[in-house]
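Take a look at the protein below. We will walk through its helices, its cores and its ring pairs.

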Amino acid sequence: MGLFTFIKVMMILFNLAIFLGGATLLGVGIWVVVDGESFFKIFGAISTSVLQVVNVSYFLIVIGAILLIIGFLGCCGAQKESKCLLMTFFTVVLIIFIAEIAAAVVALVYTGLAETLLTATVTPLLKEKFGKEPSLTQIWNVTMNELHCCGLNNYTDLSESPWVVQRKSYPAPCCSGKQPCSESLAHLSDVPGCFDQLLTEIRKNSGVVGGVAAGIAALEIASMVVAMYLYCRLDEK
């Protein structure tokens, strides 16, 4: 077996695995959207964890769809020896790679700007819908309980929210679990905001986050190199 054939087979198998993984994530995401109750009954332990902090269903659908497209382009491009599909695969992976680098740079350099933008958008949302919109309320309650935080920056983000107006009390995490959680007790408890807590958690696990990011980047670079190698060798053939 020549080098070209070996790399071609590896490219097909690798992208087939990506395609199947994407299909699985997409299927699970659709399952959660269509019948989330049965999903969380089966995966009850997971449903009470950090997965509730984000809208996991749509996240899985987006990631699954992207992986499906990448896997299809890479697998078919190598199998059919299509220069068009291989170049499209290379371009898509390159765009994703550049977007990841840009996001990492923005996150590291402009943390203060991110906090300002989040405060300008999230705080009014909390004041208007926390305690009124069930999904948003559940997401924030789980977030505050998991990260031991209150609001985006502090308890004042929840002031005048439907939750506080109706219950005359802040959520328990705002007072370190004490109830009833009055405004004066929340002030004395001085519980940090969830934005700072999230940054703290990321810094605590920076080694794991960095390792995963480096692994993903290495796979993306390797896949682009292989795709370009096959593309160039097709010219010689």
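Helix α6 covers residues 134–147, and its 14 residues should span 20 Å at 1.5 Å a residue; the end C-alpha atoms are 20 Å apart, so the two agree. The expected span is 1.5 Å times one less than the number of residues. A helix here is a DSSP run of H or I of at least four residues, and a strand is a run of E of at least two, numbered from the N terminus.

This is a predicted model: local features need pLDDT of at least 70 and side-chain atom pairs count only at pLDDT 80 or more, while totals for chains, interfaces and linings use all residues. Residues are numbered from 1 along each chain as its sequence is written, and side-chain values use heavy atoms, with hydrogens and water left out.

Now step back. The protein has 10 helices and 0 strands. Buried residues make up 32% of its 237 residues. Buried means under 20% relative accessible area, with a 1.4 Å probe and protein chains only.

Which residues of α6 are buried? They are L136, T137, W140, N141, V142, T143, M144 and L147. Just after α6, H148 takes a positive phi of about 55°.

The largest nonpolar core has 22 residues. Such a core is a set of buried Ala, Val, Leu, Ile, Met, Phe, Trp, Tyr and Cys residues joined through side-chain atoms within 4.5 Å. Those with the most contacts inside it include F130, W140 and M144. Helices α5, α6, α7 and α9 each give two or more residues to this core. The largest share, 4 residues, comes from α6. A second, separate core has 18 residues, among them F4, M11, C75 and V93.

Next come the rings. The structure holds 2 aromatic pairs. Rings of Phe, Tyr and Trp (its six-membered ring) pair if their centres lie within 6.5 Å; planes under 30 degrees apart count as stacked, over 60 as edge-to-face and the rest as tilted. F130 and W163 form a tilted pair, 5.3 Å centre to centre with 35° between the planes. F130 sits in the loop between α5 and α6, W163 in helix α7, 33 residues apart. Both are buried. The rings of Y155 and Y170 have centres 5.6 Å apart and planes at 80°, so this pair is edge-to-face.

The charged end of R167 sits over its ring, 3.8 Å from the centre. The cut-offs are NZ of Lys or CZ of Arg within 6 Å of the ring centre and within 35 degrees of the ring normal.

Methods: Buried means under 20% relative accessible area, exposed over 50%, partly exposed in between (1.4 Å probe, protein chains only).
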